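Morning, everyone. Let's get the model up on the screen and go through it.

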Amino acid sequence: MSPLPQARDRAVDDTASSRLSAFLARQEPELLRFRRDLHAHPELGRQERRTTERLVEQLEAAGLVPKVLPHGCGVICDIDPIDDDGPIGAELSADSAHRRGRLAIRADIDALPVQEAEALPFRSTVTGVSHACGHDVHTACALGAGLFLAEEARAGRLPRGVRLVFQPAEELLPGGAVDMVDAGALDGVASIIGVHCDPKVDAGQIGLRTGALTAACDTIELRMSGPGGHTARPHLTVDIVYALAAMVTELPAALSRRMDPRGGVSVVWGQINAGHASNAIPQYGEVRGTLRAMDQRAWSQAPDLIHELVDSIAAVYGAKTEMEYVRGVPPVVNEEHVVELLREAAHRALSVPGGAGPDGIVAVEQSMGGEDFSWYLQHVPGAMARLGVRTPGDPTPRDLHQSTFVADEAAIAVGVRLFAEAAMAADHARV
């Protein structure tokens, strides 16, 4: 006789989905205007004051009580079940929050130092800065879900507390997620979810993966030095340019033979500088790059081995070295039970009229990109979904962090539905 409660839960879900459709019919144009405003006024990491102010305006207008981080960038906002018309989430006790265990919805709000190439009507007004990674889309999705959940809370229909986390500085290492955790963003939180735009997945689709979704990412800045000299007599000095070239090629090669290849460790250089004249061996040279690893164990082992290999390679050429190795982010590893919550939410989100249906839930591969959402997962279970933003049928190859990145705005309603459905799921108290 167990199907009866399940049927009752499904009826509740369908009602919530209907209310969500009605909400989007009213609010989607405003969410698009909000997203376009952010897109036109991008801000780099730890400079997102205007974006923060705009979020606070929207949340306060909905009767919420947002809290701005001490340095003025980033917002935390709670939405909790209430029985009156007071500010939503304003007076929830710490003990009550712990018992309920909120579901956190995270969005990153910073932009990139990338000049936008596309001539959109709402293109970036800031020279050399743009939302080339889709964080404006993430923010609009989380805001839209929050506004809907605030309505549900005021009507007494929110099954569980939710925390909106609008995070600054995702593009910086080790990432603004560390700031959010230090500011208490996970206090009273049982699990966390997020999305990231994927230009290889069609708008209207949601990509899911259990286990590792992204790679770990660290940065390496290495300076090599010697006395300098004439190119006619390299044997009397330290040939810094040659030593740098050897470091650039030999370090990745040696690393590949000293680490388990299943860890997927990769060093790729992005910058090299040395010298100013064709006949003078310079005293200094620099090389910068990233180390990426596919799993946590390899990421943990990499720094000590990098230091050992740098010293041994430099010693062959007699060069002195100074290295700054910055720990960036561990891999995002999606917890299975939180992925299942997102899968159920995606099923409902895509099963609306005009939606892609179950076929819109697609499997995605692990990316070598880094994502500081992983820092939250060091403290609470969670999962990140891929939000399709490619216009169906668009043959133009696009990627993140490129000047030609464009997000199909149909993805915003899908992201709102995914977040809201996850929060409204009757059985997600176990997550």
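Start with Asp198, in strand 5, residues 189-202. Strands here are DSSP E runs of at least two residues, helices H or I runs of at least four, numbered from the N terminus. The model is predicted: local features need pLDDT of at least 70, side-chain atom pairs count only at pLDDT 80 or more, and totals for chains, interfaces and linings use all residues. Residues are numbered from 1 along each chain as its sequence is written, and side-chain values use heavy atoms, with hydrogens and water left out.

Asp198 is buried but has no salt bridge. Buried is under 20% relative accessible area, exposed over 50%, partly exposed in between, with a 1.4 Å probe and protein chains only. A salt bridge needs a Lys or Arg side-chain nitrogen within 4 Å of an Asp or Glu carboxyl oxygen. The nearest side chain of opposite charge is Arg386, 4.4 Å away. Lys and Arg count as positive, Asp and Glu as negative; His and chain ends are not counted. What does the Asp198 side chain reach? The backbone nitrogen of Lys200, at 2.9 Å.

Pairing takes at least two DSSP bridges. Strand 3 (residues 102-108) and strand 4 (residues 162-167) pair parallel over six bridges. Within that pair, Ile105 has Leu164 of strand 4 as its bridge partner.

Last, Gln301, in helix 7, residues 296-317. Gln301 counts as partly exposed because its relative accessibility is 40%.

Conventions
Polar contact = N/O pair within 3.5 Å; in protein donor to acceptor, adjacent residues only side chain to side chain.
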